Amino acid sequence: MTLGLALLLHKYHLTSVCQTNLSTYNPSRAVFMNAQLKHIQVGITRNNRVVRELQLTSFDDSNSARREAAATTKREVRAQIAEVGPRRSASSVAGGNLIKAVLNTAETLLATWIEVGRSTTVSPLINPSAAEMFTVGNFAPVDRECPPDENVEIESGTIPSCLNGGVYLRNGPNPRHEPDFGYHYFDGDGMLHIVKFRDGKATYCCRYIRTNRFIQEEKAGKPLFPKMMGELHGFIGLARIALFGLRAMLGVLDPVGGIGTANAGLAFFNGKLLAMSEDDQPYAVHITDDGDLRSIGRYDFNGALKAPNMTAHPKIDPKTGEMFSYTVNFVQAPYLNLFNVSADGKKRANVNITLPEACLIHDFAITSKYIVIPDTQIVFRIQEMFNAKSPVCIDDKKIPRFGVLPRNATTEARIKWFDLPDSTCFHYVNAWEEGDEIVVVGSTVSPIQFIFDQQDKMESRLARFHLNLKTGTAYKQEVASNANFDGEQFNKMYQCKKTRYVYGVLSGPFPKYGGIAKFDLEASQNNDVTQQAVVGWHKFPANCFCSEPYFVPRSTDPSNLEDDGRSTTVSPLINPSAPEMFTVGNFAHVDRECPPDENVEIEFGTIPSCLNGGVYLRNGANPRHEPDFGYHYFDGDGMLHIVKFRDGKATYRCRYIRTNRFVQEEKAGKPLFPKMMGEIHGLIGLARLALFGLRAMLGVLDPVGGIGTANAGLAFFNGKLLAMSEDDQPYVVHITDDGDVRTIGRYDFNGALKATNMTAHPKIDPKTGEMFSYSVNFFQAPYLTLFKVSVDGRKRANVNITLPEACLIHDFAITSKYIVFPDTQIVLRMQEMFNAKSPVGVDDKKIPRFGVLPRNATTEARIKWFDLPDSTCIHYVNAWEQGDEIVVVGSPLSPIHFTFQQSDKLELRLATFHLNLKTGKAYKQEVASNANFDGGQFNKMYQCKKTRYVYGVLSGPFPKYGGIAKFDLEASQNNDVTQQAVVGCHKFPANCFCSEPYFVPRSTDPSILEDDGYILTYYHDEAANVSKLLVLDARSPTLEIVTSLKLPHRVPYGFHGLFVTNEQLSNQKPSLV
């Protein structure tokens, strides 16, 4: 028995004393052994019946029944040996019958001991008499492998293009042979179920992973190896170990090549697809071109992995390509060995981790700098088997803890331990560094006693564990307390990085899963552990269950949204299942308008005299109604946040712009019009447009009066204050004497503007008073129409500009003589909606360009085009003539794919674009390469003229702005693109962000310096939930805050602002004429 125990535990770093190569067996011997083993099984069954009868009639303290049973068994054994002896002498068979006799003897004795020695004190890990628990219904094994089968019916939808050419594999236990004693769900032979996708079709296949164990049992035609979960507990487990050892000693099986099932995890690393279970080393398998599977063999990293096992959950860092893993020794210290493998497959040296005793470590986590390992309450005490108990038990008095070790550590000396009650998890989602903390995400098991028994009562709650490396403290924060959740998955491109979305199964009860849920980790960070964290939910019908989900990103392009990977036909611009992206925190809308409120506290400083009598307005999106489907930051109804300055005091108010859309939806009490960014994409977008058309046809709504939100730009022109968004004509609003706002109506320049839309960024020449603007037609050529309006409000004739296709032109520029407009890489192709894609996309092959047209042109004939790679901008600062050149200032987008998705990774670098009208050549010159900058503002008295100073926001990340910077364009003209161009900077404290700044000159006197003035910006402290209006000194190197106004209401993040002077307010025309 001791030898058998040693052989079994060879996988736990014990040395085997028996090494027999099964390849030396000849076929006849294999047949012989198979026949004899079947005969022995019959004998065991007979003896078991005898023993049970003896137990039932007399099982008391006298042990007479035991002695009688043993005596009977000994007589039978002696008779069998006596029978074998003469036949062996006479037949000269080389050992076959001797092995038969020994095994007969051993199995008969073991069977007797198992039955007679059975005690009511045995505490099995899983009740072995209930093996049928996992062998009926859909737990039952499939009885044969399935070669590639193309008869996969697509019941609905189409296969997403991101799956084409790939395979989806799901590992799981599928016992090849009928269990002969105990069995548990985790015990079966590994079988891969594979679906290969190709050209819109699918092929299914299932194959066993041909482990060392599988091959030997397949040859024997019956189970030979013990089942870790279903058999190894108490005296019975010891008996099974003894039988296993005897079989190994006699050469019936060979454990040296591995005893595991490879039925749990899967990983693709260094060109190898690995199938794993933690009772063995991994197995390499190969997917053939037709979607079939072939087992290559047991993989020990070219002999470098000396331990006989490895976790089924190794971690692969997508950035470095390294694999991190560990092995466990359940018998002797140090119990745990960490190691990593380089991207090219070279295993590094082990780092031994000393634990007080062996424990079950099924999973772990890594960050970009650290390895995080749990020391759990599930302990392994093999000696308990001699006390008729399970070797795996729960230590209620033990406090679970996390160990954090630098990834580059070569010893355990630098490990830090964090005790954290109620933190034992089976699986971990991800981990990352966040300031001084390590954040680990996993599902805690409660009550822990139910892990292996009464799993149907087990609860698993998703939680974050915060481990502070600086203070040594730790705490747990539940994500949602009302969802029983496991099998966590996430976008693996975010391995080691902060993760927002987690997907997993809803227990129904374990191990059946009745649905899939999606959690937003950010939604629960305010300690409001409620259903709000569950942002996606799909429950299946009664008696329908699923496996653990797996997230597939729609693209490996890092510009994709973290959760952009649903296996549906929808390819949204912004994921419509996540409207909360822009409806939480200070993106959340304010729930009511605010009439003029004089309770504006001047925290410090005084209001500069140049602001007196004027108003500062900032436009932004504030949805009046809860989004009923998709929503994006750009979609909300326009709301103006206004501060009026008078006699050293300030008054605040906020009002909706009463667009045609707003008025009709307010009357209906719900959204009626489609949201351009959040809804109009793919087949769902077409459905929304169809519903919109039906509502219009039935008179439920009237789109003729405009469909826009007027939530973006602002301009004061010809006595009218205009609020604009590029999906509609502008709206005229009027500021009252007390600083309130009243919407006058939609403005079409007295009927002259026939197009249904106009840019939100018209340009006004301060010298001539003319306004220059344009309209875009997304459906038919010429796509772009330029026009200008005289100082007295008379619109001039359109100039049509022919473009190869419609593209997104959000802004443009003018000089004293020319109009400069871009032809960008962000194209609009409505037909893509029929291909289940967004109509707005990026054309990588297109080279962006600038068109330059004289301001007095009446046709496009005199236009000059300048191709200029990497020049697509959303906003432009200014432009002017400089010799033969036109100089345009803007912040190009990089990478351009990040414009609408993963905008937090978008980089904008201020640059000047030089377009030479004489040579036809163009080039770009960066102003500062190390500042992520947008919202460029300048002294508007310099519109159309050479500008030196530009102010804008520092992304923190977009669409939050963590500071304001001032750039000196002249400082960068020597091609020394360095920090020298940044001549002023004001960074805000952590969790404090601002809106786009606006420059107000100290005076309208043209003799004052260009940067002599103030910067106005709204500011929000997220921790204190307080909003302010800040006035900064535009000339100060630190952009010093000279006045801080604490506002009585929260101001959400928004878009563009404008300062309207007292003189302009006095000249307002409160009408559309």
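The structure is a predicted model, in which local features need pLDDT of at least 70 and side-chain atom pairs count only at pLDDT 80 or more, while totals for chains, interfaces and linings use all residues. Residues are numbered from 1 along each chain as its sequence is written, and side-chain values use heavy atoms, with hydrogens and water left out.

**Overall fold**

- The chain has nine helices and 60 strands, where helices (H or I, at least four residues) and strands (E, at least two) are DSSP runs numbered from the N terminus.
- Of the 1073 residues in the chain, 57% are buried, a term that stands for under 20% relative accessible area, with exposed meaning over 50% and partly exposed in between (1.4 Å probe, protein chains only).
- Among contacts (heavy atoms within 4.5 Å) between residues at least 6 apart in sequence, 61% join residues at least 24 apart.
- The accessible surface of the chain is about 44900 Å², and 52% of it belongs to carbon and sulfur atoms; these areas come from the Shrake-Rupley method with a 1.4 Å probe, and for residues only the protein chains shown count as cover.

**Nonpolar cores**

- The largest nonpolar core has 44 residues, and Leu336, Leu338, Ile353 and Ile373 are those with the most contacts inside it; such a core is a set of buried Ala, Val, Leu, Ile, Met, Phe, Trp, Tyr and Cys residues joined through side-chain atoms within 4.5 Å.
- Two or more residues of this core come from each of α6 (234-249), β10 (323-328), β11, β12 (351-354), β14 (370-375) and β15 (378-380), and α6 gives the most, with four residues.
- Apart from this core lies another, of 43 residues, which includes Val600, Leu617, Tyr656 and Leu1065.
- Leaving out residues up to four places away in sequence, Ile353 touches Pro334, Tyr335, Leu336, Leu338, Ile373, Leu405, Glu412, Ile415 and Trp417.

**Aromatic pairs and charges over rings**

- The count comes to 22 aromatic pairs, under a rule by which rings of Phe, Tyr and Trp (its six-membered ring) pair if their centres lie within 6.5 Å, with planes under 30 degrees apart counted as stacked, over 60 as edge-to-face and the rest as tilted.
- Phe301 and Phe339 form an edge-to-face pair, because their ring centres are 6.3 Å apart and their planes stand at 70°.
- This pair links distant parts of the chain, with Phe301 in the loop between β8 (293-298) and β9 (315-316) and Phe339 in strand β11 (residues 335-341), 38 residues apart; both Phe301 and Phe339 are buried.
- Tyr616 and Tyr1018 form a tilted pair, at 5.4 Å centre to centre and with 50° between the planes.
- The second pair also links distant parts of the chain, since Tyr616 belongs to strand β29 (residues 615-621) and Tyr1018 to strand β57 (residues 1013-1021), 402 residues apart.
- Tyr616 is buried, with a relative accessible area of 0%, and Tyr1018 is buried as well, at 2%.
- Ring pairs link Tyr299, Phe301 and Phe339 into a cluster.
- Lys497 lies over the face of Tyr494, at 4.8 Å from the ring centre, and Lys945 lies over the face of Tyr942, at 4.8 Å from the ring centre; the rule asks for NZ of Lys or CZ of Arg within 6 Å of the ring centre and within 35 degrees of the ring normal.

**His641**

- His641 is placed in strand β30 (residues 638-646) and counts as buried because its relative accessibility is 2%.
- The side chain of His641 makes a polar contact with the side chain of Tyr652 (2.8 Å); a polar contact is a pair of N or O atoms within 3.5 Å, and within protein one must be able to donate a hydrogen and the other to accept it, while residues adjacent in sequence count only if both atoms are side-chain atoms.
- Beyond four places in sequence, the residues that His641 touches include Tyr616 and Tyr1018.
- His641 and Gly1057 are 416 residues apart in sequence, yet 9.2 Å apart in space, C-alpha to C-alpha.

**Asp811**

- Asp811 lies in the loop between β39 (799-802) and β40 (813-814) and is buried, with a relative accessible area of 2%.
- The side chain of Asp811 makes a polar contact with the side chain of Lys763 (2.9 Å).

**Tyr1019**

- Tyr1019 lies in strand β57 and counts as buried at 9% relative accessibility.
- Tyr1019 and Tyr1053 are 34 residues apart in sequence and 8.6 Å apart in space, C-alpha to C-alpha.
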